Amino acid sequence: MQAAALIVLAAAAVGFPLVFGSPVVTNYAVYALIFVAVVSAWNVFSGFSGYISLGHAVFFGSGAYAVGIAAKDWHITGTGVFALLPLAAAVGAVIAVPFGLIALRVRRHTFIVITIAIFFIFQLMAYNLNSFTGGTIGMSAPFLPWSPTTFNDRFYYITLACAAAAVVMAALIRRSRFGLQLRAIRDDEDRARGLGVRTMRVKMTALVLSAAVAGLVGGVWFLYLTQVLPNTGFDPLFDLALVLMAFLGGLGTISGPVIGALIIEPGQLYLTIKYTNGYLSEILLGVLFLLIVLFMPRGLVPTASEWIKRARTRGRPVVPPASQRPAVPQPGNDAPTREART
Amino acid sequence: MAHQIYQAIVDGILVGGVYALMAVGLTLIFGVLDIINIAQGVLVVLGAYLSYELSTRLHMDLFLGLLITVPAMFVIGVVIQWAFIRRLRGRERTSMTLLVTYAVALIIEGILYEIYGPNVKQLNASYVQSSVHIFGFYLSYIYLYGFALAIAVIVAIYALLYRTRFGRSVRATMQDETAARLIGVDVNRVAAITFGVGVAVTAAGGMMFGATNSFNPNSGYDLISRLLAIIILGGLGSIGGALAASVFMLTVESLVTIWSPEWAIVVFYAALVVVLVIRPTGFFGRQPVRAQ
Amino acid sequence: MTALLRTEGVGKAYGGVHALDSCTVEVEEGSVAGLIGPNGSGKTTLFNVITGYAKADAGHVYLGDRKITNAAPDRVFGFGIGRTFQLTRIFASLTVLENMLVASPNGRAAARRRAMEQLEFVGIAGHHAELAGTLSYGQRKLLELAYVLVADPAVVLLDEPAGGVNLSLVNTIADRIRELNAAGKTFLIVEHNMEFVMGLCDRVTVLDSGTVVAAGPPAIIRTDRRVLNAYLGEDLPDDDPHPGEQS
């Protein structure tokens with residue numbers, strides 16, 4: 001049942017540009033998919049472990065700059081730039097190591113703030129290291145000889161691939177023992193340590209994976225936009241949007257971030273385009289956030305699945321009457337069915 | 001050269017006083033409610049705008065205007081806490097409150113932008129531009145007043161915490177909310193009032209900030225980042241620590257500015273990172289008792 | 001007489017308060033040892049020091065011949081010491097079975113089998129697919145017992161295993177402990193329930209204000225004057241006719 005739905009979804013996703021071919025629409029789709037990928041990656045670390053990172057823009061922006069700087073220094077042009085994407089992922093992963101070593105040693109409150117501090121350090125470095133990063137002018141991507149429609153369509157498939165990969169990675173991790181340990185850390189980190197979980201190692205691994213994907217997508221984003229500036233590559237609202245999307249959908253779930261990104265990103269993009277000078281999108285983002293936190297704190301996916309469960313079991317008692325229950329040993333009974341352990 | 005360094009130190013200390021005024025409210029809120037109020041930065045800016053309105057429309061003296069802005073901000077703080085923060089409970093409380101306050105910050109910033117636009121303003125008074133010349137150093141009046149105000153506010157807060165019955169309830173809640181509840185402390189009231197006090201202090205901080213810097217609605221980001229760094233460095237919840245850390249950080253920044261203005265702010269954050277690596281609880285922080 | 005787990009002169013102070021002072025406790029291999037004492041006597045603190053959740057300011061902890069003082073909790077776990085907590089700590093958003101899998105060392109199928117075995121042993125196997133957060137208090141206690149056992153530790157520290165649960169469950173827990181002990185596990189149990197302790201333990205150590213006041217077999221301990229002083233806080237005349245009664 002679920003497999004069939006996924007196949008339909010995949011077919012729809014692949015066929016999307018063929019049906020809605022206009023570059024305007026595919027532009028929305030590309031941005032939405034970029035966020036699907038990054039939010040899923042963010043969720044792998046923050047959603048599962050409970051350590052809310054407001055610094056993922058560091059990896060995203062570094063990936064973008066990495067591609068830009070490498071293309072410039074190594075004189076890469078045309079479609080060759082795509083070969084630089086693994087570099088973007090690697091840069092994200094490498095930066096995650098000191099990031100994690102510093103930030104993961106402290107408790108959650110402080111962790112969030114440190115991620116903000118590191119974010120600002122990177123943004124400032126982007127502004128200040130003129131010769132390296134281009135300073136306030138930023139970096140430009142090499143020209144790609146594609147027509148606008150082809151450009152958007154191709155990037156659509158590229159970002160679709162990134163998004164699919166990110167979601168698959170998240171799903172695999174969640175099912176694995178590694179994912180279990182991460183979620184245990186979220187529930188009670190000290191207890192997890194007491195049970196032998198190497199918490200630092202687990203958190204670092206999740207962060208590195210998450211950062212690699214964010215860096216990769218940052219590189220793709222740079223190539224799509226053909227430009228990166230210190231305040232677009234390292235944009236504080238980016239991080240907040242990530243968290244909002246993940247929260248809306250449901251932190252720690254797989255489909256939650258996807259749904260959150262697909263709902264919010266097109267909306268945000270629309271508002272930015274329509275009201276270029278206003279701060280309406282900021283206000284709305286904030287209001288939306290408050291509404292979600294107050295009324296649907298667990299996010300859409302968990303809340304919706306609970307409503308569905310409640311609707312399905314309506315009329316039936318939650319606890320089946322004793323006559324129907326199998327003879328399961330209960331605490332407090334000396335259950336004769338339980339075999340004695342030697 | 002040496003004189004430049006000493007002047008930079010003096011400047012750093014005085015500016016540190018202004019930042020202490022802004023940071024104290026933030027750390028108090030954390031200490032009692034266990035939440036990080038990201039909106040503090042933009043609330044400082046709001047305080048600055050309020051002072052601006054009073055001084056340009058009613059021609060009130062800046063310090064006199066505090067008599068109005070401080071209670072006004074207190075009310076705003078209580079409303080924010082009551083409307084949005086009070087109902088947040090449970091495991092995710094830390095991240096939730098952080099994001100809620102971030103959302104509130106965005107909304108306030110957006111509204112300020114709609115009203116005032118991006119152009120910068122600055123608060124003016126006769127004493128804002130002038131300074132006194134002592135021992136070869138220039139001490140600008142506004143900063144001296146600001147430093148004095150910061151000390152006065154800190155003393156007042158200490159008096160509130162340690163000499164009043166309400167203060168006792170606050171301290172009890174800080175240490176153990178459940179136990180405080182059990183002995184009859186109205187924790188909700190304590191939380192609301194403390195949040196209100198924390199925000200009210202930003203009225204003073206806002207006035208000082210507005211008098212010593214040009215500001216626009218966007219100024220909140222830079223401010224909150226610095227304030228967060230300061231309170232973590234000083235130890236979350238420690239009022240004296242907020243003062244010490246403000247003075248320390250701003251002095252360091254002031255010194256680095258002599259050689260390289262662009263890198264000074266990076267040093268600011270780098271200092272935070274370095275200190276936390278060595279001492280994860282900050283200068284005066286208590287052991288991280290709360291696991292979440 | 002081989003002491004498998006031993007603390008020697010352990011001291012721990014919180015600020016000016018000495019939670020533990022020259023605390024020397026020995027647990028013989030293969031025994032069930034009890035640790036009792038009035039509230040605030042330092043029992044849980046001693047557990048915390050042994051398992052690495054608190055740093056000892058003085059003294060040492062030995063497991064067999066190995067000094068394990070101040071080792072981190074995950075290393076202590078690796079040495080073969082498992083521990084439960086007074087207020088049950090379980091992973092609320094994971095299922096019961098998943099809770100078990102966090103602690104288990106081996107690969108997939110083997111781990112699941114072993115986890116289900118432990119769940120059956122404590123009697124909550126039927127709930128394996130439910131979220132641990134939905135379990136009742138008694139069931140959580142059993143779950144905690146189960147996942148501490150899943151890694152097959154040689155020494156198990158139980159912090160008030162019978163606290164706050166009904167009588168038949170208390171008996172179930174006691175039975176399980178006896179079975180495990182018969183199979184070779186060593187136990188150190190903190191409890192207030194005197195019947196539980198006296199009926200189960202081979203040897204009982206009494207703590208008061210962070211120091212060991214008495215140690216010995218249960219029958220001796222329950223009549224020891226120092227123990228009564230510790231609990232009741234007053235000097236009793238030598239010929240008290242009801243020495244063993246507690247509230």
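Figure 1. Helix 9 (residues 225-232) of chain C lies across strand 9 and strand 10 of chain C and runs at about 135° to strand 10 of chain C. Helices (H or I, at least four residues) and strands (E, at least two) are DSSP runs, numbered from the N terminus. Axes are lines fitted to C-alpha atoms, for helices over the stretch in contact, and angles run from 0 to 180 degrees between N-to-C directions. Two residues are in contact if their C-beta atoms, placed from the backbone, lie within 7 Å. The model is predicted: local features need pLDDT of at least 70, side-chain atom pairs count only at pLDDT 80 or more, and totals for chains, interfaces and linings use all residues. Residues are numbered from 1 along each chain as its sequence is written, while chains are lettered from A and ligands numbered from 1 in the order in which they are written.

**Figure 2. The open sheet of chain C.** Six strands of chain C form an open sheet in the order 6-7-8-3-9-10, with mixed pairing. Strand 6 (81-83) and strand 10 (211-216) of chain C are at the edges with a single partner strand each, so one side of each has no neighbour in the sheet. From one strand to the next, the twist averages 20°. Five bridges join strand 9 (residues 203-208) of chain C to strand 10 of chain C in the antiparallel sense; two strands pair if DSSP finds at least two bridges between them. Leu207(C) has Val212(C), in strand 10 of chain C, as its bridge partner.

**Figure 3. Two packed helices in chain A.** Helix 2 (residues 23-49) and helix 11 (residues 236-249) of chain A pack at an angle of about 80°, and their axes are 9 Å apart. These two helices of chain A are therefore roughly perpendicular to each other (65 to 115 degrees). Helix 2 of chain A contributes Phe35(A), Val38(A), Val39(A), Trp42(A), Asn43(A) and Gly47(A), which meet Leu242(A), Met245(A) and Ala246(A) in helix 11 of chain A. The residues of this contact are seven nonpolar, two polar and no charged. Ala, Val, Leu, Ile, Met, Phe, Trp, Tyr, Cys and Pro count as nonpolar, Asp, Glu, Lys and Arg as charged, and the others, Gly among them, as polar.

**Figure 4. Where chain A touches chain C.** In this interface, 24 residues of chain A are in contact with 31 residues of chain C. The chain A side divides into nine nonpolar, five polar and 10 charged residues.

Notes
Parallel < 35°, antiparallel > 145°, perpendicular 65-115°, else oblique.
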